Amino acid sequence: MGAYIISSKGIRLTTIRKCKTMIKLHFHLQINESNFLTVPLIHEPILKCPWFYAIKCDFVGYFATTIYHKQLNQFLIKMKNYQLLPKAYISRMDKPALKMPVVLHDARIMQNKPRKHYLAVCLQPIFLLADWTLLVQFFEIWIAQGVTKFCVYVQSMTPEVDALLRIYEHSKDVEIERINWAPLPTDNNNANTYESDPNLRVYRAEV
């Protein structure tokens, strides 16, 4: 999972949660070896619920954004000069000791500095991909159109496809963000039930 610094005042994540769940999340930044900066997250649905008499959703996509926090604001301003970003985690408010790692990305547009990217493309999730030539065609066509960043969602691929993807990842001309498209975590007590397992409802396209 990725967390994105969208301004000097906030960090945003994209989550899938039970509709209208009351469980809140906390965001943790590791500011040194032993201390964490913990900030609550507020959740807003990515798409508003339909009219009140429609069938309600079981799982909903949410933007989870850190609330305004003075210490976080000061820390994010200092981070503009950092070469490496600190480690980040999220946790449930009712289980604070269970911290799940997230990858922190700085998505801010710095003033008086040129944009790092002007055009980016997201691939649909890759499943069981064996034909590496498809990726070559895809990348080169978009690079010719001026794309400098690709977000690649990966579930499974052959070693040959993985090797080709690594070639582009080491290229200085484009930036490849590889995103793990693993099965969503579930409650072990209710695993493999249609009501509790969102993986049974996710449409999984193939490249």
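This is a predicted model: local features need pLDDT of at least 70, side-chain atom pairs count only at pLDDT 80 or more; totals for chains, interfaces and linings use all residues.
**The fold at a glance**
- The protein has three helices and 10 strands, and their order along the sequence reads β-β-β-β-β-α-β-β-β-α-β-α-β.
- Of its 207 residues, 32% count as buried.
- If you take the contacts with a separation of 6 or more, 67% of them come from residues 24 or more positions apart.

**Confidence by element**
- Helix 3 (residues 159–169) has the highest mean pLDDT of the elements, at 95.
- Helix 1 (residues 70–78) has the lowest, at 85.

- Leu 119 has 34% relative accessibility, so it counts as partly exposed.

**Strand pairing around strands 1 and 7**
- Strand 1 (residues 2–7) runs parallel to strand 7, and the two pair over four bridges.
- Within that pairing, Ala 3 has Leu 104 as its bridge partner, and Ile 5 has Asp 106.
- Strand 1 also pairs with strand 2 (residues 10–18), this time in the antiparallel sense and over four bridges.
- Strands 1 and 2 make a hairpin with two residues between them, and Ser 7 stands opposite Gly 10.
- Strand 6 (residues 88–92) pairs with strand 7 in the antiparallel sense, over four bridges.
- Strands 6 and 7 form a hairpin too, with two residues between them; here Arg 92 has Lys 95 as its bridge partner.

**Salt bridges**
- The whole structure holds eight salt bridges.
- Asp 106, the bridge partner of Ile 5, also has its side chain in a salt bridge with Arg 108, at 2.8 Å from N to O.
- Arg 108 counts as buried because its relative accessibility is 11%, while Asp 106, at 30%, is partly exposed.
- Lys 116 and Glu 175 meet through their side chains at 3.3 Å, N to O.
- Lys 116 is in the loop between strand 7 and strand 8 and Glu 175 is in strand 10 (residues 175–180), so this pair ties together parts 59 residues apart in sequence.
- Lys 116 is exposed, with a relative accessible area of 66%, whereas Glu 175 is partly exposed at 26%.
- Arg 178 and Asp 162 form another salt bridge, with their closest N and O atoms 2.7 Å apart.
- That pair links strand 10, where Arg 178 lies, to helix 3, where Asp 162 lies, so it ties together parts 16 residues apart in sequence.
- Arg 178 is partly exposed at 31% relative accessibility, and Asp 162 is buried at 18%.
- There's also a network of salt bridges, which links Lys 116, Lys 149, Glu 175 and Glu 177.

Technical notes
Residues are numbered from 1 along each chain as its sequence is written. Side-chain values use heavy atoms; hydrogens and water are left out. Buried means under 20% relative accessible area, exposed over 50%, partly exposed in between (1.4 Å probe, protein chains only). Two strands pair if DSSP finds at least two bridges between them. Contact means heavy atoms within 4.5 Å. pLDDT is the predictor's confidence in each residue, from 0 to 100. A salt bridge is a side-chain nitrogen of Lys or Arg within 4 Å of a carboxyl oxygen of Asp or Glu.
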